[in-house]
Amino acid sequence: MTARCVMVLGTTSGAGKSWLTTALCRYYARQGLKVAPFKAQNMSNNARVVAGGEIGSAQYFQALAANAVPEVRMNPLLLKPEKDTQSQVVLMGQVDLTLTAMPWRGRSLHVWPVIAAALDELIAENDVVVIEGAGSPAEINLKDSDIVNMRVALHAKAACLLVTDIDRGGAFAHLYGTWAMLDAAEQQHIKGFVLNKFRGDARLLAPGPFMLQNLTGVPTVATLPMWWQHGLPEEDGVFDARTLATGKVAQTIAVIAYPRISNLDEFQPLKNVPGVRLMWVRSASELTGLGTSDWIILPGSKATSADLDWLRKQALDSAIAHHAASGGRVLGICGGLQMLGEALIDPYGIDGNGPGLGLLGVVTQFEQNKTVRHRVGMFGETRGAWEALSGLQVQGYEIHHGVTSLRADMAAAGDGCRPVMADGLAWQNAEGNVLGVYLHGLFEDPALLEALFGAKVPTLDQVFDGLADFVEKHFEPSVLQALVEG
């Protein structure tokens, strides 16, 4: 093994592991080191297309921060929840139906050799591997089947940071309890505690860090202030609703947050557009008062038919139809495009049959094979509310089952729904205010943002540099250097 491994563990989900791992990737890359990220197992419906298939979005961004090419070895196991008790299993970028059908605890024996091999290869090829844990390493009910936390730390001989969300309260207890539940050999790998999302007078923390070090022998190496606007997508859940638009709100974009929403990280750039308020909607009442210049977005879904049924139960179908009938903008992305059509047809039992919302005269048939690929496309003539996209070349990625085509009888009757991108990648209604696209990631294209909003937003490189600046300011430099020097 050649690389030194630094691992970011958390006392809970949402403690700050993903963004801190991303920040460290850029920090070490700026030291002239060859860096790669790694997360053995990620559970998320936010995924990106890379060579070989798909990985979790967090590892995709971490690779970019490390100035590395994202690849499947960086996240060898991806679990994509479809129901509360069922996830699609993606191993080394590809859906594995055998593992998907296997009980949770039975998988570790089968996947660990693949995970270990991927990690060993990255270690052999890099100077530093920055590893992200999952949830908490103190989940003692799952310890016998652990393949993502301390088993990885021991295998990689990683220097570990344990981060906690101090804004939730109980931070010192979380840190001590997590450390105490580790085996003695595992405790030796914990090199520092990190207090994240702190606001207030740092002097009030004393004597907490000192007492904690006396109990554990582990120093608190950083207190990171609360930072809402770091610009990196949240890995879990929707974005914080308290984050408002920059400047006076001129336009509201309402994203329907159904239970199996996927690829929600692609909307992060909209938070950075001046005058735009991004809101997450779960009830029809939240759409009251939207104007024709405001948008409703139906995002991607890991369970399109089930989420469409949920949408109807919330009476959101009527609210969306009313907004469209009033001339308001409606955008469907991937599963959202499929929902906007007339029907979902499922001959293979992939997702489920059902009627669509009927705002686009198209029909989607689910296919056995999953489409996973990067695409460069060009909008044809787009009319009305989406006219600014006409002739614009964009790049994005597809992750979906199903093929969408015009409903023949409606087309013959002159419905007016028409394709506005080759290969059925985008469709627009006759009135011009409803648009459906299969491409994810469009809002990360600066040309598209400028066309729609006349605005420039921070680039990903600027976001990554900001993260690295932040940790450089709030960690003692000797600490971060010591982690990779041993």
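Which residues are buried in helix α11 (residues 316-325)? The legends below begin with that helix. The model is predicted: local features need pLDDT of at least 70, side-chain atom pairs count only at pLDDT 80 or more, and totals for chains, interfaces and linings use all residues. Residues are numbered from 1 along each chain as its sequence is written, and side-chain values use heavy atoms, leaving out hydrogens and water.

View 1. Helices (H or I, at least four residues) and strands (E, at least two) are DSSP runs, numbered from the N terminus.

**View 2. The cover and the end of α11.** The buried residues of α11 are covered by elements including β13 (251-256), α10 (304-313) and β27 (434-437). Contact means heavy atoms within 4.5 Å. Just after α11, Gly327 has a positive phi of about 95°.

**View 3. Phe38 in the largest nonpolar core.** A nonpolar core is a set of buried Ala, Val, Leu, Ile, Met, Phe, Trp, Tyr and Cys residues joined through side-chain atoms within 4.5 Å. The largest has 87 residues, and Phe38 is among those that touch the most other members. Not counting residues up to four places away in sequence, Phe38 touches residues including Arg73, Ile115 and Val152. Apart from this core lies another, of 65 residues, among them Phe267 and Ala319.

Terms used. Buried means under 20% relative accessible area, exposed over 50%, partly exposed in between (1.4 Å probe, protein chains only).
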